[in-house]
Amino acid sequence: MTSYKELGLVNTREMFAKAVAGGYAIPAFNFNTLEQMQAIVQAAVETKSPVIMQVSKGARNYANGTILRYMAQGAVEYAKELGCENPQIVLHLDHGDTFELCKDCIDNGFSSVMIDGSSLPYEENIALTKKVVEYAHKFDVTVEAELGVLAGVEDEVASEVSHYTKPEEVVDFSTRSGCDSLAISIGTSHGAYKFTPEQCTRDPKTGKLVPPPLAFDILHEIEKRLPGFPIVLHGSSSVPQDEVDTINAHGGKLPDAVGIPEEQLREASKSAVCKINIDSDSRLAMTAAIRKHFDEKPGDFDPRQYLKPARENMKKMYIHKIVEVLGSNNKL
Ligand SMILES: [Zn+2]
């Protein structure tokens with residue numbers, strides 16, 4: 001058993017309470033490589049932001065659980081080395097699908113886990129979440145649950161259709177499961193293709209796809225029923241058009257990729273939404289920089305030559321999200 005406290009990590013309880021009260025959201029960036037981790041820590045330190053580093057089950061398998069534990073510890077020590085006296089870094093499991101996986105993460109240094117029972121019948125979702133909460137709380141680990149189903153594809157998590165969260169269920173669900181935060185479905189979606197062209201309208205000037213708006217009425221209804229309770233938005237990458245254009249201009253093929261407009265995420269951050277998950281934008285920033293580099297310098301073959309600009313491009317994106325979208329800067 002390795003407690004996250006030994007690694008210098010924190011759970012989400014205090015940072016979510018501050019974020020809800022302060023009208024901002026904590027960035028939850030997915031990672032599975034050294035360069036992503038370095039870019040996340042540099043961005044968080046430079047902007048004085050708390051940060052959630054999260055891994056899916058697939059990412060944990062890819063990177064290896066033992067290595068991840070030391071990477072998280074390394075992230076804390078690296079933040080201190082960069083001059084941050086009191087880093088607030090969470091290591092979070094994204095989309096845990098079984099009690100056993102959550103337990104394994106809790107036993108190996110995670111400070112927060114998500115148990116995603118959203119595809120189960122309502123009562124089974126409560127029972128599974130409660131079981132994880134009871135174990136996690138023994139070790140002061142916080143638990144995110146999900147109610148409602150997001151569309152899109154994220155590693156092993158996939159659904160063709162979304163089911164918006166029903167506001168009338170949130171009080172019963174959070175009370176009986178004991179979860180610390182709740183991921184809801186209000187129209188965000190996993191992946192770089194969040195909406196089909198048929199679901200969007202086209203901007204007559206640019207020809208670009210404009211996605212349907214988020215269901216803020218549902219969010220506000222949930223806030224009313226669960227005042228001050230931490231709400232989480234998954235699938236909240238914006239799929240920046242300049243990164244998509246760079247990828248496509250250098251041999252990539254991402255036609256009609258579309259994400260959530262940043263103005264809507266900015267508005268959500270001011271509400272009880274206190275954690276916003278961003279994964280695809282990091283993938284796009286990394287891929288765009290690498291494709292451009294290979295196209296312009298086909299003779300390069302030292303990984304540092306192309307991973308360094310990739311890391312810089314991700315860092316730029318992380319800083320942009322923290323400062324311009326979530327508002328979590330200067331909160332340490
Ligand atoms: Zn998700």
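## Strand 13 and its partners

In this predicted model, strand 1 (residues 26-30) lies parallel to strand 13, and four bridges pair them. One place to look is Pro 27, whose bridge partner in strand 13 is Ile 276.

Strand 13 also runs parallel to strand 12, with three bridges joining the two. Here, Val 232 has Lys 275 of strand 13 as its bridge partner. Strand 13 itself spans residues 273-278 and is mostly covered, with six of its six residues buried.

## A closer look at Ser 236

Is Ser 236 buried or exposed? Ser 236 is buried, because 32 other C-beta atoms lie within 10 Å, and 20 or more are enough to count as buried.

Which residues does Ser 236 touch, leaving out those up to four places away in sequence? They are Thr 188, Ile 260, Leu 265, Ile 276, Asn 277 and Ile 278. Ile 276 is also the residue that bridges to Pro 27. As for Gln 264, it sits 28 residues from Ser 236 along the chain, and their C-alpha atoms are 9.9 Å apart.

In soluble globular proteins, nonpolar side chains tend to be buried together. The largest nonpolar core in this model has 90 residues, and Ile 40, Met 53 and Val 113 have the most contacts inside it. Helix 13 (residues 303-326) gives this core its largest share, seven residues.

Take Ile 40: beyond its neighbours within four places in sequence, Ile 40 is in contact with Phe 29, Phe 31, Val 51, Met 53 and Tyr 318.

Key: Residues numbered from 1 in each chain as written. Predicted model: local features only at pLDDT ≥ 70, side-chain atom pairs only at ≥ 80, totals over all residues. Buried ≥ 20, exposed ≤ 12 C-beta atoms within 10 Å, placed from the backbone. Contact = placed C-beta atoms within 7 Å. Core = buried A, V, L, I, M, F, W, Y, C linked by C-beta atoms within 7 Å. Pairing = 2+ DSSP bridges.
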